[in-house]
Amino acid sequence: MRADAQRNAEKLRTAAAELFQERGLKVPLKEIARRAGVSHGTLYNLFGTREALIDEVVADLAAHRLGEAAEHALSLDEAGEGFAYYVEKVCELQATDPAVADVVSGRFPAAACLMAICGQAQDAATRIIGRAQRAGAIRPDFTGQDLLLFFGTNALLARAVADTAPDAWRRQVAFLLDGLSTRAAQGPLPAAPLTPQQIHDVMDRLAGTP
């Protein structure tokens, strides 16, 4: 890559990282090019697709933040505390970093690195849930798909009230954690959990909501 192309690529990485974190991964590519001070065509010539740019500038950051949350949750002696920490931390990341909120949704299947991180995060969440259930801290019929759906609705809530009630997500998390406690369980749930495909469809619909 020529020196001028390298400079342009670095400008685009910086601009993309800023705008993705400010507004999420669906920010128009023209705005990224404009902030970087290059043409729209230059962005496409250097990166080709939105997904390639996402993998270039967001994947490592998302992997670090989500991995750190899971690692700390699993390190806590009390499995129930670890589960609560993980839920609260991921919801906090969704509320404060729109890019991470979009990563958790797994809505960019062509971004290979990003999807690998989503898979790792879901595996970690399954371990955290299972650990809490084996300890008798949360009800045994809660699944990873249930948690993913909760994260999807939390991301929507956090984005909708970011300017007017930025801490509203904390109330919903408190209700979830209280409701999952084995002390609060009042018999079987009235419906089965959604399938992975149903969760995927719901995430797409939530993300398309204005």
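**Questions on a predicted model**

Trainee: How far apart do the centres of the positive and negative side chains lie?
Mentor: Lys and Arg count as positive and Asp and Glu as negative, while His and the chain ends are not counted; each charge is placed at NZ of Lys, CZ of Arg, CG of Asp or CD of Glu. The chain has 22 positive and 26 negative side chains. The distance between the centres of these two sets is 5 Å.

Trainee: Which helix has the highest mean pLDDT among the elements of the chain?
Mentor: This is a predicted model, in which local features need pLDDT of at least 70, side-chain atom pairs count only at pLDDT 80 or more, and totals for chains, interfaces and linings use all residues. pLDDT is the predictor's confidence in each residue, from 0 to 100; the chain averages 89. Helix H11 (residues 196–207) has the lowest mean, 71, whereas the highest, 96, belongs to helix H6.

Trainee: How far apart are the end C-alpha atoms of H6?
Mentor: The expected span of a helix is 1.5 Å times one less than its number of residues. H6 has 18 residues and should therefore span 26 Å. The model agrees, for the end C-alpha atoms are separated by 26 Å.

Trainee: Is Asp 97 buried or exposed?
Mentor: Asp 97 lies in the loop between H6 and H7. Contact means heavy atoms within 4.5 Å; beyond its neighbours within four places in sequence, Asp 97 is in contact with Gln 21, Leu 61 and Arg 65. Buried means under 20% relative accessible area, exposed over 50%, and partly exposed in between (1.4 Å probe, protein chains only). Because its relative accessibility is 2%, Asp 97 counts as buried.

Trainee: What is the relative accessible area of Thr 126?
Mentor: Thr 126 belongs to helix H8. Its C-alpha atom is 9.1 Å from that of Gln 145, which is 19 residues away along the chain. Thr 126 is partly exposed because its relative accessible area is 47%.

Trainee: What percentage of the residues in the chain is buried?
Mentor: H6 contributes buried residues including Phe 83, Tyr 86 and Leu 93. Among the elements that cover the buried residues of H6 are H5 and H10. Of the 210 residues in the chain, the buried share is 39%.

How values were computed: Residues are numbered from 1 along each chain as its sequence is written. Side-chain values use heavy atoms; hydrogens and water are left out. Helices (H or I, at least four residues) and strands (E, at least two) are DSSP runs, numbered from the N terminus.
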